[in-house]
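Please examine the sequence and the three-dimensional structure shown below. The paragraphs that follow lead through the structure step by step.

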Amino acid sequence: MAATADRPHLFPEEFDEATRILARTTEGVRLELIDGRLRSRVVPDGDHGRIIEWLTRICMQSRPELWLYPDQGLKVQAYRKGRARPDGSLAPSGAFVGQGEWADPDSVLMAVEVTSYDTDTDTDQRDRVEKPRAYAETGIPVYLLIDRDACEVTVYSEPDGVRYENAHIVPFGKPVALPGPVGITLETEALKEWVR
């Protein structure tokens with residue numbers, strides 16, 4: 001059953017089939033299912049990739065037992081009916097072995113998003129509203145938003161099953177502590193180099 005005006009939402013099984021078909025026919029399309037709605041994302045630019053590389057190095061040095069998995073699909077939201085592909089998922093090394101494209105998020109300590117410079121999609125709605133809610137509903141302890149538009153980092157923590165109760169915002173250039181269970185402090189000065 002497809003999404004229609006009478007039923008604008010997709011079921012996870014329909015979404016999974018659509019992503020399999022698109023993967024065979026279209027290069028560079030990244031799809032997500034948030035709040036039952038299909039979302040597409042642009043392929044990240046070089047600066048976006050460099051930010052993920054920067055964060056990966058910090059995580060490896062601070063917590064070598066963890067890995068920042070880029071683009072690992074996660075089953076999110078109530079009853080795992082959503083599908084999100086964070087820019088990074090911090091979890092124990094080997095956490096997603098054998099799970100396939102859409103993994104269980106229970107081992108994820110932190111989801112990471114880096115805003116994209118895309119005028120065709122709604123970054124504001126997706127990264128600043130839908131994703132924090134989806135990750136909080138799922139129980140992911142920390143959501144890190146690296147916002148290249150606002151030149152600031154937002155650390156969301158204390159999920160209550162509906163939303164994150166705490167959001168701490170710092171401008172690029174100031175240190176920010178990622179609370180437990182992550183327990184890493186980021187020196188964000190380098191982020192100033194990778195904004196337009």
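Is Glu-189 buried, partly exposed or exposed? Glu-189 is partly exposed, with a relative accessible area of 44%. In these terms, buried means under 20% relative accessible area, exposed means over 50%, and partly exposed lies in between (1.4 Å probe, protein chains only). The model is a predicted one, in which local features need pLDDT of at least 70 and side-chain atom pairs count only at pLDDT 80 or more, while totals for chains, interfaces and linings use all residues. Residues are numbered from 1 along each chain as its sequence is written, and side-chain values use heavy atoms, with hydrogens and water left out.

The overall picture comes next. The protein contains 3 helices and 13 strands; these elements are DSSP runs, helices being H or I with at least four residues and strands being E with at least two, and they are numbered from the N terminus. Of its 196 residues, 47% count as buried. The protein exposes about 9,500 Å², and carbon and sulfur atoms supply 52% of that area; accessible areas come from the Shrake-Rupley method with a 1.4 Å probe, and for residues only the protein chains shown count as cover. Among the contacts with a separation of 6 or more, 53% are made by residues 24 or more positions apart, where a contact means heavy atoms within 4.5 Å.

The structure holds 7 salt bridges, each defined as a side-chain nitrogen of Lys or Arg within 4 Å of a carboxyl oxygen of Asp or Glu. Glu-189 takes part in one of them, meeting the side chain of Lys-192 at 3.3 Å, N to O. Lys-192 is likewise partly exposed, at 44% relative accessibility.

Another salt bridge joins Arg-57 to Glu-53, with the closest N and O atoms 3.0 Å apart. Why are Arg-57 and Glu-53 separated by about one helical turn? They are 4 residues apart in helix α2 (residues 46-62), and therefore about one helical turn separates them. Glu-53 is partly exposed, with a relative accessible area of 33%. Arg-50, Glu-53 and Arg-57 are linked in a network of salt bridges.

A further salt bridge connects Arg-85 and Glu-101, whose closest N and O atoms are 2.7 Å apart. This pair links distant parts of the chain, 16 residues apart: Arg-85 is in the loop between β5 (82-84) and β6 (88-92), and Glu-101 is in the loop between β6 and β7 (102-103). Arg-85 counts as buried at 13% relative accessibility, whereas Glu-101 is partly exposed at 39%.

The aromatic side chains may be considered next. A pair of aromatic rings is described by the distance of the centres and the angle of the planes. Rings of Phe, Tyr and Trp (its six-membered ring) pair if their centres lie within 6.5 Å; planes under 30 degrees apart count as stacked, over 60 as edge-to-face, and the rest as tilted. By this rule there are 5 aromatic pairs. One of them, formed by Tyr-156 and Tyr-164, is tilted, with 5.9 Å from centre to centre and 45 degrees between the planes. Tyr-156 is buried, with a relative accessible area of 14%, and Tyr-164 is buried at 9%. Together with Tyr-135 and Tyr-143, these two residues form one aromatic cluster.

Strand β10 (residues 152-159) includes Glu-152, which is partly exposed at 25% relative accessible area. Leaving aside neighbours within four places in sequence, Glu-152 is in contact with several residues, including Leu-145, Ile-169 and Phe-172. The C-alpha atoms of Glu-152 and Lys-192 are separated by 9.5 Å, although the two residues are 40 positions apart along the chain.

Finally, the backbone deserves attention. Most residues other than glycine have a negative phi, and most peptide bonds are trans. Cys-151, in the loop between β9 (142-147) and β10, has a positive phi near 55 degrees. Glu-158, in strand β10, also has a positive value, near 60 degrees. The peptide bond from Gly-180 to Pro-181 is cis, with omega near 10 degrees, and Pro-181 is placed in the loop between β12 (175-178) and β13 (184-187).
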